[in-house]
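Try each task before you read its solution.

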Amino acid sequence: MTLIKKSRTTARDEILIAVKSITQEREEKTFHLSEVLQYMKSGGTVYKESTIRTHVTSKCCSNSPVHHYPAFNDYERVGKGLYRLILE
């Protein structure tokens, strides 16, 4: 696991780093939200769990209702707590 840099990165940037690392060896590029939370916590993220959850489940999820702007299409929900990386 690569530690997350403490430099000026956004929550979205850190989440993308985590997701890309988690899914690197996976053909389907799917991940569970819990994996991202664990990865980022162990990497020393400064972001709250609620911020990470909001980004993955809503702000950066292509098939969720738009509650936050700007909205990104980084992931799509494919099951309960299961997402697939769209952006590579």
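**Exercise 1.** Which strands does H2 lie across, and at about what angle does H2 run to S1?

Solution. First, some ground rules. This is a predicted model: local features need pLDDT of at least 70, side-chain atom pairs count only at pLDDT 80 or more, and totals for chains, interfaces and linings use all residues. Residues are numbered from 1 along each chain as its sequence is written, and side-chain values use heavy atoms, with hydrogens and water left out.
Next, the names. Helices (H or I, at least four residues) and strands (E, at least two) are DSSP runs, numbered from the N terminus.
H2 lies across S1 and S3 and runs at about 70° to S1. Angles go from 0 to 180 degrees between N-to-C directions, with axes fitted to C-alpha atoms, for helices over the stretch in contact.

**Exercise 2.** List the elements of the protein chain from the N terminus on.

Solution. Count: there are 3 helices and 3 strands. Then order: the elements run α-β-α-α-β-β.

**Exercise 3.** Describe how H1 packs on H2.

Solution. Step one: two packed helices are described by the angle between their axes and the distance between the axes.
Step two: H1 (residues 11-23) and H2 (residues 33-42) pack at about 110°, with axes 10 Å apart. That makes H1 roughly perpendicular to H2 (65 to 115 degrees).
Step three: find the contacts (heavy atoms within 4.5 Å). In H1, Glu-14, Ile-15, Ala-18, Val-19, Ser-21 and Ile-22 take part; they meet Glu-35, Val-36, Tyr-39 and Met-40 in H2. By class, this contact has 7 nonpolar, 1 polar and 2 charged residues.

**Exercise 4.** What is the strand order in the open sheet?

Solution. The sheet has 3 strands in the order S1-S3-S2, with antiparallel pairing. Its edge strands are S1 (30-32) and S2 (75-79), and each pairs on one side only. The twist averages 40° from one strand to the next.
Now look at one pair. S2 and S3 (residues 82-85) are antiparallel over 4 bridges. Strands pair if DSSP finds at least two bridges between them. Gly-79 stands opposite Leu-82 in S3.

**Exercise 5.** Is Lys-29 buried or exposed?

Solution. Locate it: Lys-29 is in the loop between H1 and S1. Lys-29 is buried, with a relative accessible area of 18%. Buried means under 20%, exposed over 50%, partly exposed in between (1.4 Å probe, protein chains only).
Check the backbone too. Most residues other than glycine have a negative phi. Lys-29 has a positive phi of about 60° although it is not a glycine.

Conventions
Parallel < 35°, antiparallel > 145°, perpendicular 65-115°, else oblique. Nonpolar A, V, L, I, M, F, W, Y, C, P; charged D, E, K, R; others polar.
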